[in-house]
Amino acid sequence: MKRRLIFPWIFFLAGALYGQKVTILEHVNIIDGTGKSMMANQNMIIKDGVISGINTDKNITKDATIINLAGKYIMPEIINAHGHLGILKDTVTSAANFTSENIRRQLLRYQQYGVAAVVSMGSDQELIIGLRDSSRSGKIPGATIYSALYGFSVKDSGPPKSMGMVRLYRPETVQQAISEVDSLALLKPDLIKIWVDDFGGQSPKMKPGIYGAIIKEAHSKGIRVASHLYYLEDARRLVDAGLDIIAHSVRDAEIDDTLIAAMKKNKVMYIPTLSLDEFAYAFEGSPGWINDPFFKAALEPGVFEMITRESYKDRVRKDPKTPKEKAALQIAMKNVVKLYRAGVLVALGTDSGAMPIRVQGFSEHMEMELYVAAGLTPMEAIKIATQNGTRLLHIDNERGSLQVGKKADFIVLDANPLDNIRNTHAINSVWKNGEKVADKVF
């Protein structure tokens, strides 16, 4: 009787091992995304898309594919915890752009720039549901889709439908808000997105009673809530109401210790989107990276011509909002360092794809540069961009850091990003599930 039970398992195990794909990356320098020191001159063993060993062992597994990466550096792929899919095409954001073809194209661009996943923050249409499910099951290539599906804003307020965000809920009563959360919950969004902003004093702002009801009802369904915001006082009230994720920087004032304590107590996460604020005024002149092939290769057709026209530059210079945008970025940079040092979980997000100047792929690297310019180290910026994003998405048990037992999703770099964070531009190749999926950007 025992033999009948044991022998089938032996054959099963032998069959499982037979044909197992093994890849060994030799002599590679590993930045694992956890914040720990770089591991130099290591061998990384990948079995069936999962990291099975990291060591300096000279014993080579028989029949393994050996790749010598001496002089190269690898880091986990980037997680963009705040982006927008499908609404941007060429120089226009529009609901008409929201097609399967356009979304798939954008997923491939993100992947080419080393972005493993993007959270589409509340601007989607029905089409995204099937694409999200196919993306998550590996049936379509490119960055993996996570989505807040249809966000919540206010009647006659932003974001405008002209930007392509036509599917938003705009509840006028508490009961309507609760009912709409219930409807959305049936579609299993990864998050719920709300907009709490007056958009520079131009629009009505969501009332506390409405967003409080959204947060409470979402939590009753086991769904977390992320909020677009700008002002310190709104952040304070939202955190008190139970908000889970602040999806943009506080930009009107430095965050105080009272709010930091509340955020830590309630485990509120923070997505700074610093690149959004720099892009708002960057093209009043010619930033140092304007002709960088890494930047230009990420642009939609026609955008480079648009942002280099003197008429466009002049419009940005004369825009009364430009001085405010410059001041906002400086405050935002102080706040991200203050929160990170206090132990709040900070995850990378960019708002890329919401406007032509918020460039999908390039923005995520620019965001890391801004963290370093703000006062964080390159290692801290990489941790924010990789492991912390998977923690926000609750997928850090399988992705986000280069550790044994986790998926082999990583970027191979020709230069050390710890020496200069801009070396994340030196992409040699991008790997997903242990397979190379993209080569150099240019």
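**Figure 1. The open sheet of three strands.** Three strands form an open sheet in the order S6-S9-S10, with parallel pairing. Strand S6 (78-83) and S10 are the edge strands, and each has a single partner strand, so one side of each is left without a neighbour in the sheet. From one strand to the next, the twist averages 20 degrees. Helix H2 (residues 100-112) packs on this sheet and touches S6, S9 and S10, and its direction makes about 135 degrees with that of S9. S6 and strand S9 (residues 115-120) are joined in the parallel sense by four bridges, and Ile78 stands opposite Val115 in S9.

The model is predicted: local features need pLDDT of at least 70, side-chain atom pairs count only at pLDDT 80 or more, and totals for chains, interfaces and linings use all residues. Residues are numbered from 1 along each chain as its sequence is written, and side-chain values use heavy atoms, with hydrogens and water left out.

Helices (H or I, at least four residues) and strands (E, at least two) are DSSP runs, numbered from the N terminus. Two strands pair if DSSP finds at least two bridges between them. Axes are lines fitted to C-alpha atoms, for helices over the stretch in contact, and angles run from 0 to 180 degrees between N-to-C directions. Contact means heavy atoms within 4.5 Å.

**Figure 2. The open sheet of four strands.** The strand order is S11-S12-S13-S14, and the pairing is parallel. S11 and strand S14 (269-270) are the edge strands, each pairing on one side only. Strand S12 (residues 225-228) runs parallel to strand S13 (residues 245-246), and two bridges join them. Ala226 stands opposite Ile245 in S13.

**Figure 3. The hairpin of S16 and S17.** Strand S16 (residues 427-432) and strand S17 (residues 435-439) run antiparallel and are joined by four bridges. Ser429 has Asp439 in S17 as its bridge partner. Two residues lie between the strands of this hairpin, in which Asn433 takes a positive phi near 50 degrees.

**Figure 4. The crossing of helices H6 and H7.** Helix H6 (residues 232-240) and helix H7 (residues 257-265) have axes that come within 10 Å and cross at roughly 35 degrees. The crossing of H6 and H7 is left-handed; this term applies if the near helix is turned anticlockwise from the far one by less than a right angle. From H6, Leu232, Ala235, Arg236 and Val239 meet Thr258, Leu259, Ala262 and Met263 of H7. By class, six nonpolar, one polar and one charged residues make up the contact of H6 with H7. Ala, Val, Leu, Ile, Met, Phe, Trp, Tyr, Cys and Pro count as nonpolar, Asp, Glu, Lys and Arg as charged, and the others, Gly among them, as polar.

**Figure 5. The largest pocket.** The largest pocket holds about 1,000 Å³ of space. It is lined by 39 residues, of which Phe199, Lys321, Glu325, Met355 and Arg358 are the closest to its centre. Strand S11 (192-195), helix H8 (274-282), helix H11 (310-318) and helix H12 (321-342) are the elements that give two or more residues to this lining. H12 provides the largest share, five residues. The lining comprises 19 nonpolar, nine polar and 11 charged residues.

On a 1 Å grid over the protein atoms alone, a pocket is an open set of points with protein on both sides within 12 Å along at least five of seven lines, whereas a cavity is a set of points where a 1.4 Å probe fits but cannot get out; lining residues have an atom within 4 Å of a point. Grid points are joined across faces, edges and corners, and a volume is the space filled by probe spheres set on the points.

**Figure 6. The second largest pocket and Lys267.** About 330 Å³ of space lies in the second largest pocket. Among its 18 lining residues, Lys267, Val268, Met269, Leu345 and Arg391 are the closest to the centre. H7 and helix H15 (387-393) each contribute at least two residues to the lining. Lys267 belongs to the loop between H7 and S14 and, although not a glycine, has a positive phi of about 55 degrees.

**Figure 7. The largest cavity.** One cavity of 30 Å³ or more is found in a search of the whole structure. The largest cavity contains about 80 Å³ of space. Its lining residues include Pro76, Glu77, Thr390, Arg399 and Asp409. By class, the lining has four nonpolar, three polar and four charged residues.
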